[in-house]
Amino acid sequence: MVKEQQNSHQINNIVILGGGTAGWLSANYLNKALNNSQPGSCQITLIESSDIGTVGVGEATIPTILDTFKFLGISEADWMTKCNATFKLAIKFVNWSGIPGKEIFWHPFGQWYMTNKTNVPISQHWLKRKSQGNSEPFDYSCFEAVHLCDAKKAPKFNQDPEYAWRVEYAYHLDAGLLATYLKEKGKSEGVKHVVDNVLDVSLDEKGFISHLITEKHGLLAGDFFIDCSGFSGRLINQALEEPFISFTDSLWCDSAIALPIEYDSEDPYNENHGGINPYTSATALSSGWTWNTPLIGRTGNGYVYSSNFISPAEAEAEFKQHLGEKSQHLQPRHIKMRVGRTRNAWVKNCVSIGLASGFIEPLESTGIYLIEASLEHLIHNFPNRLFHQSVIDNYNLIMQEQYEEIRDFIVMHYCLSKREDTPFWRANKSEPVIPDSLKAKLELWQNMLPNNPQKISWLFPDYSYICILAGLDALPQTSLPILDYQDKYATEQAFLNIKNKAAQLKNNLPSHIDYLKTLAESNSENANQNLLVEA
Ligand code: FAD
């Protein structure tokens, strides 16, 4: 009886508006979660416009995406080769600190070493060694990944299982190709695809969405709507009138210019010009920063800047000068960014995911992560048609915390910089607006490095924060007093182990390019074999 009642409220018709990365990831994820064990339990329909394009950027990821792809049952070799993907082991920050001699620092992915049973992370010992005169930088002493980045190595062997790693990694990928890949997968597994414009939205007497009014397909009804319509927030902000909370008081960059640059046509792995870096670069310029995401066949490049300090034309000229000769005749794309979050990501029977839900500048590649996190938490809080408000509130609080954590982390990159060479950096130094939540953390970190190894924050571990504090020279004066009671020999051994492991990996792992070439060859052989079997 109870089961029957539950089933009578079950959601069995979901409509997703938007066919960008958010829309197609959502379609595949929900399809897997809802229809895998009992096929046909829930109809999923995705509607996208052929007139309104996708944002088409979003090419650097973080390691959470491995679990997402594994969950979706996607072969790593297959999707990587079809999306021109490469490995990403770290972000290299260039010209952020404003301190001569400290132009570069890294934020790598990686295991985190604890030195002994008291579970004090090795970072704390690094600070103590530094105060005793050891000049080895934090990133090079505590992570193997940085050494592999310099040597342009892959993070694994070709024989290793899919998604397994020797050093933790994520990817760079072609966003357009990924959307196509996910579209084909979703459609082949039963997602209904409608290409049309949503002209209007009908609400019922309780203010819930009852159906979308389309240009050519009439009314599209659903129990539950996922708004993946991008910056326009067509359902959540426009139809349901949920306000958007801007973060631009503390994050000033509100515009971007995207300009992909192809390698020479006969050189898809860029071998004649230094190969393919297994890392993203983020280089600070006069009024923001540029990204460089290396793919097979081309690099993705962009300038994220504040329009209060530089005009689009000036930004384009500066960006092209930074990129060099090859960029001069190319036409870049200018993008206005809506930075912040929709106050409640979930309202009534509509959840916003992707840019409709919120966006924080891509300095730490968190856009696709936020889509993954939204989907994971949506599944944990999946509703029935009663849409209990407490469940909705629970989800909204989690997403609010995620956005605010990422905002604070990004603000750190700016407010701790010592740069003063342009109006943007001078204003950033003299008038930063630091959220209270970050102020409290920074105060603590003046006296001790982040040291909560047991507390899992939503996304960034302690070491991520320390990379920025160390890279921008914002370290406490003293190390943890508890370290004075600990075994110095064991600590030195831990640092030596990292160095030895880095050297061993550097000697043995294949180069990034060799790994990618072998992957492409073996994937095309497999595809040929499959064709033979089918024939
Ligand atoms: P969009 O791609 O804008 O898609 C919106 C969809 O909605 C389209 O299909 C459109 O047709 C449809 N639509 C809208 N209105 C209607 C309507 N009325 N009727 C029918 N269809 C409609 N993320 C990362 O993880 N890493 C990065 O390095 C990164 N870099 C970025 C750089 C920039 C400059 C920007 C702006 C974003 C970046 N992101 C990055 C974020 C990432 O691009 C997005 O999270 C991701 O692309 C998701 O976009 P979306 O699907 O939400 O929206």
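Is Lys 70 buried, exposed or partly exposed? I looked this up to get started, and Lys 70 counts as partly exposed at 46% relative accessibility. For my own reference, buried means under 20% relative accessible area, exposed over 50%, and partly exposed in between (1.4 Å probe, protein chains only).

**Ground rules**

I am working from a predicted model, in which local features need pLDDT of at least 70 and side-chain atom pairs count only at pLDDT 80 or more, while totals for chains, interfaces and linings use all residues. Residues are numbered from 1 along each chain as its sequence is written, and side-chain values use heavy atoms, with hydrogens and water left out.

**Salt bridges**

I searched the whole structure and found 23 salt bridges, each one a side-chain nitrogen of Lys or Arg within 4 Å of a carboxyl oxygen of Asp or Glu. Lys 70 forms one with Asp 67, and the closest N and O atoms are 3.4 Å apart. The two residues are 3 apart in helix H3 (residues 64-72), so about one helical turn separates them. Asp 67 counts as exposed, at 52% relative accessibility. Helices here are DSSP runs of H or I with at least four residues, strands are E runs of at least two, and both are numbered from the N terminus.

Next I checked Asp 264 and Lys 326, whose side chains meet in a salt bridge at 3.2 Å, N to O. This pair links distant parts of the chain, 62 residues apart: Asp 264 is in the loop between strands E14 (261-262) and E15 (280-285), and Lys 326 is in the loop between helix H10 (312-323) and strand E18 (333-336). Asp 264 is partly exposed at 27%, and Lys 326 is partly exposed at 38%.

I also noted a network of salt bridges that links Glu 59, Asp 174 and Arg 298.

**Arg 419**

I found Arg 419 in the loop between helix H12 (389-415) and helix H13 (423-430). Arg 419 is buried, with a relative accessible area of 11%. Its side chain meets that of Asp 421 in a salt bridge of 2.7 Å, N to O, and Asp 421 is partly exposed at 47%. The Arg 419 side chain also reaches the backbone oxygen of Asn 95 at 2.9 Å. Leaving aside neighbours within four places in sequence, I listed its contacts (heavy atoms within 4.5 Å), among them Trp 96, Ala 284, Leu 285 and Trp 425.

**Helix H5**

Helix H5 (residues 122-131) is mostly covered, with 8 of its 10 residues buried. Among these are Ile 122, His 125, Trp 126 and Arg 129. What covers them includes helices H6 (138-142), H15 (462-471) and H16 (488-508). Just after H5, I saw that Gly 133 takes a positive phi of about 105 degrees.

**Aromatic rings**

I counted 34 aromatic pairs, where rings of Phe, Tyr and Trp (its six-membered ring) pair if their centres lie within 6.5 Å; planes under 30 degrees apart count as stacked, over 60 as edge-to-face and the rest as tilted. Tyr 169 and Tyr 171 have ring centres 5.6 Å apart and planes at 75 degrees, so I logged them as edge-to-face. Both Tyr 169 and Tyr 171 are buried. Phe 460 and Tyr 465 are edge-to-face too, with centres 6.4 Å apart and planes at 85 degrees.

Notes: Polar contact = N/O pair within 3.5 Å; in protein donor to acceptor, adjacent residues only side chain to side chain.
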